[in-house]
Amino acid sequence: MSETSYRPRAGLSRRGRLLLLLALALLVANAVALFLLLRETGAPVRPLVVPEGWRASQVYAAVDKRLDLPPGTTKAAAAKAGLKLPAEAKGNPEGYLYPATYPITDDTTPGGLLAYMVETANKQFGQDRSTVGSRRGRLTAYQMVTIAGIVQAEADTPADMGKVSRVIRNRLALGMPLQMDSTLNYALNRSTLTTTANETRMDSPYNTYQHKGLPPTPTGNPGRQAMSAALNPTPGNWLYFVTVAPGDTRFTDSYAQQELNVGEFNENQKKKAQAG
């Protein structure tokens, strides 16, 4: 959320941190092993970096550029690649193009690369999504990925992720609209800090100001930390949040306090605009 903004990160237990570090270590080890294997075969290797939170459209464009293909080639390949996605996804890999560094060779194809990204996502957080997600709040695995995508986009710092996840859960439980600016940004194919009143009235299933519940698909591709936060929200009764300034995200269950925080955010934005 920005003008009506809500932002996140997770307070993991010691065991949770160890498990997260182990998962990351395994991912790095697998990537290194693959790089070494490709180098042994003599294939020239060049990396493709997919940052956390990128949308599928950004991934498609980056793959087209890296493989020197006409724009739109990778997007078209996604529909024919036979990606191992949940039925709810209806063939849309948004949320499952796992953020990582991927080795690219002359033999790499768009469909093969997307399939590897989806396979990596399923390995990284596939099993706990179904087991933990079904226990906590009766959310499906696909809905957990959708929450993780919002957490990834809304959190100002990794430390805020668990709190943002809790705001989402609390609002869902109370039947409140999520009112997340990141989902509006997805509908408008942009990334901004502010949202106008007119935009909050736009007709889109991704407008979580107008439509209660989660958006119909994930709105970005989350990393492991965002997924952990989605599965394990920080305990709290927060319903609102706003990042008043970088590193200063304020969570509250009071609408009156939220209005004060948003007012401070708006003042900071005015000062920044005047200075710029």
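Reader: Between which two helices is the loop that holds Asp 68?
Author: This is a predicted model, numbered from 1 along each chain as its sequence is written, in which local features need pLDDT of at least 70, side-chain atom pairs count only at pLDDT 80 or more, and totals for chains, interfaces and linings use all residues. Side-chain values use heavy atoms, with hydrogens and water left out. Helices (H or I, at least four residues) and strands (E, at least two) are DSSP runs numbered from the N terminus. The loop with Asp 68 lies between H2 and helix H3 (73-78).

Reader: Is Asp 68 buried or exposed, and what is its relative accessible area?
Author: Most residues other than glycine have a negative phi. Asp 68 is not a glycine, yet its phi is positive, about 55 degrees. With buried meaning under 20% relative accessible area, exposed over 50% and partly exposed in between (1.4 Å probe, protein chains only), Asp 68 counts as exposed, at 69%.

Reader: Which loop holds Gln 179?
Author: Here is another residue other than glycine with a positive phi, near 55 degrees. Gln 179 sits in the loop between H6 and H7.

Reader: Which tyrosines does Met 117 contact, beyond its neighbours within four places in sequence?
Author: Contact means heavy atoms within 4.5 Å. Met 117 reaches Leu 48, Val 50, Val 59, Val 63 and Leu 97, among others.

Reader: How far apart are the C-alpha atoms of Leu 214 and Ile 147?
Author: Leu 214 belongs to the loop between helix H7 (181-188) and H8. Leaving out residues up to four places away in sequence, Leu 214 touches Gln 143, Thr 146, Ile 147, Ile 150, Ile 168, Leu 172 and Leu 178. Leu 214 and Ile 147 are 67 residues apart along the chain, while their C-alpha atoms are separated by 7.7 Å.

Reader: What is the handedness of the crossing of H6 and H8?
Author: Axes are lines fitted to C-alpha atoms, for helices over the stretch in contact, and angles run from 0 to 180 degrees between N-to-C directions. H6 (residues 161-174) and H8 (residues 224-231) pack at about 45 degrees with axes 8 Å apart, and are therefore oblique. A crossing is left-handed if the near helix is turned anticlockwise from the far one by less than a right angle, and right-handed if clockwise. For H6 and H8 it is right-handed.

Reader: How is H5 oriented to H7?
Author: H5 and H7 pack with their axes 9 Å apart, at about 95 degrees. Angles under 35 degrees count as roughly parallel, over 145 as roughly antiparallel, 65 to 115 as roughly perpendicular and the rest as oblique. That makes the orientation of H5 to H7 roughly perpendicular.

Reader: Which residues of H7 make the contact with H5?
Author: On the H5 side, the contact is made by Ile 150, Ala 153 and Glu 154. Across from them, H7 supplies Asp 181, Ser 182 and Thr 183.
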